[in-house]
Amino acid sequence: MQNIISVIIKRMAVSIDQMGNVVCGDLFNVIMVKSGTPFGHEDDTISKVLHINNNNLTKLGLCIYNLLETIDPGHGKKSMTD
């Protein structure tokens, strides 16, 4: 039962992340990426787009990406499988 609850919680977290990517995509494209894969696609999480654009991030985007990697080492790679 506890495993089912953790799966549900993870799915909810990913869906909220995807919604944030869509709702804030235009803003994130301006403030976090120089060029590359844009934010805003409904199937992508914010972390996934940051990881894909790792070499094309603004200072803010790089700061957020590095913060996520510090909190959860390998976060970017893990986001590619969500």
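This is a predicted model: local features need pLDDT of at least 70, side-chain atom pairs count only at pLDDT 80 or more; totals for chains, interfaces and linings use all residues.
Along the sequence the elements follow one another in the pattern α-α-α-α-α. The chain has a radius of gyration of 13 Å, close to the 12 Å that the globule rule gives for 82 residues, so the protein chain is as compact as a globular protein of that length. The C-alpha trace spans about 45 × 25 × 15 Å along its principal axes.

The overall packing can be described through contacts and accessible area. Among contacts with a separation of 6 or more, 44% are accounted for by residues 24 or more positions apart. Of the 82 residues, 27% count as buried. The accessible surface of the protein chain amounts to about 5,600 Å², and carbon and sulfur atoms contribute 64% of this area.

A nonpolar patch on the surface is formed by Met 1, Ile 4, Ile 5, Ile 8, Ile 9 and Met 12, which together have about 640 Å² of accessible area. One of these residues, Ile 4, is located in helix α1, which covers residues 2-23.

The search for aromatic pairs, carried out over the whole structure, returned one pair. The ring centres of Phe 28 and Phe 39 lie 5.4 Å apart with the planes at 70°; because planes over 60 degrees apart count as edge-to-face, the pair is assigned to that class. Phe 28 belongs to helix α2 (residues 25-31), whereas Phe 39 is in the loop between α2 and α3 (46-52), so the pair ties together parts that are eleven residues apart in sequence. Both partners fall under the 20% limit for buried residues. The relative accessibility of Phe 28 is 14%, and this residue therefore counts as buried. For Phe 39 the value is 5%, so Phe 39 is likewise counted as buried.

When residues up to four places away in sequence are left out, Ser 47 touches Asp 17, Leu 68, His 75 and Ser 79.

Notes:
Residues are numbered from 1 along each chain as its sequence is written. Side-chain values use heavy atoms; hydrogens and water are left out. Patches are made of residues with over 30% relative accessible area and no salt bridge: like charges are joined within 9 Å, nonpolar side chains (Val, Leu, Ile, Met, Phe, Trp, Tyr) within 5 Å. Accessible areas come from the Shrake-Rupley method with a 1.4 Å probe; for residues, only the protein chains shown count as cover. A salt bridge is a side-chain nitrogen of Lys or Arg within 4 Å of a carboxyl oxygen of Asp or Glu. Helices (H or I, at least four residues) and strands (E, at least two) are DSSP runs, numbered from the N terminus. The radius of gyration is taken over C-alpha atoms; the globule rule is 2.2 Å times the number of residues to the power 0.38. Buried means under 20% relative accessible area, exposed over 50%, partly exposed in between (1.4 Å probe, protein chains only). Contact means heavy atoms within 4.5 Å. Rings of Phe, Tyr and Trp (its six-membered ring) pair if their centres lie within 6.5 Å; planes under 30 degrees apart count as stacked, over 60 as edge-to-face and the rest as tilted.
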